[in-house]
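I opened this entry to record what I looked up in the structure, going from the whole chain down to single residues.

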Amino acid sequence: PKKKNCNTMSNDAAKYEEVTNYFKERMAQSKKIAATRGKEARIQAHAAKMASGTKTWRQMKGLPLMAHEMGHIGNRPFMIGFASFTALCLYAQSKFSDEAKAESEYWSTFHGTGKKDAHH
């Protein structure tokens, strides 16, 4: 009669346990992936996103939206132009003295005394 090796039985048991553990891990992964699919999962994900408090760009207004948009590389040329124009406008406004306002036909007509200068 053939003698069965004891090591073979323990090897079989170890292999069986290894395969069983592998399939248990795969089943857990599959269940986790399946939980992220379907209508209920989308509803849950949306609720979690809303509860997190972070706003999408569509919900932003004013300065937060402007800061968000400045972060995009495609808007960089526009932002450089916008900043340059703003700087020039601020410079021009700071150089617009009271004397220059008095000499300005537009300023004296619409923002000054309301009377046109005598040279009209």
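My notes follow, beginning with the overall make-up of the chain.

I note at the outset that this is a predicted model. I looked up the secondary structure of the protein chain and found 6 helices and 0 strands, which along the sequence read as α-α-α-α-α-α. I then checked burial, and of the 120 residues of the protein chain 5% count as buried. The chain exposes about 11300 Å², with carbon and sulfur atoms supplying 61% of that area.

Next I checked the length of helix α2, residues 39-52: at 1.5 Å a residue its 14 residues should span 20 Å, and its end C-alpha atoms are 20 Å apart, so the two values agree. Just after α2, I found G53 with a positive phi of about 90°.

I looked at F78 in particular, which is found in helix α4; F78 counts as exposed because its relative accessibility of 55% is over the 50% cut-off.

Last, I turned to S104, which lies in the loop between α5 (98-103) and α6 (105-110). Is S104 buried or exposed? Its relative accessible area is 19%, which is under the 20% cut-off, so S104 counts as buried. I also noted that a polar atom of the S104 side chain lies 3.1 Å from the backbone nitrogen of W107.

Note on methods
Residues are numbered from 1 along each chain as its sequence is written. This is a predicted model: local features need pLDDT of at least 70, side-chain atom pairs count only at pLDDT 80 or more; totals for chains, interfaces and linings use all residues. Side-chain values use heavy atoms; hydrogens and water are left out. Helices (H or I, at least four residues) and strands (E, at least two) are DSSP runs, numbered from the N terminus. The expected span of a helix is 1.5 Å times one less than its number of residues. Buried means under 20% relative accessible area, exposed over 50%, partly exposed in between (1.4 Å probe, protein chains only). A polar contact is a pair of N or O atoms within 3.5 Å; within protein, one must be able to donate a hydrogen and the other to accept it, and residues adjacent in sequence count only if both atoms are side-chain atoms. Accessible areas come from the Shrake-Rupley method with a 1.4 Å probe; for residues, only the protein chains shown count as cover.
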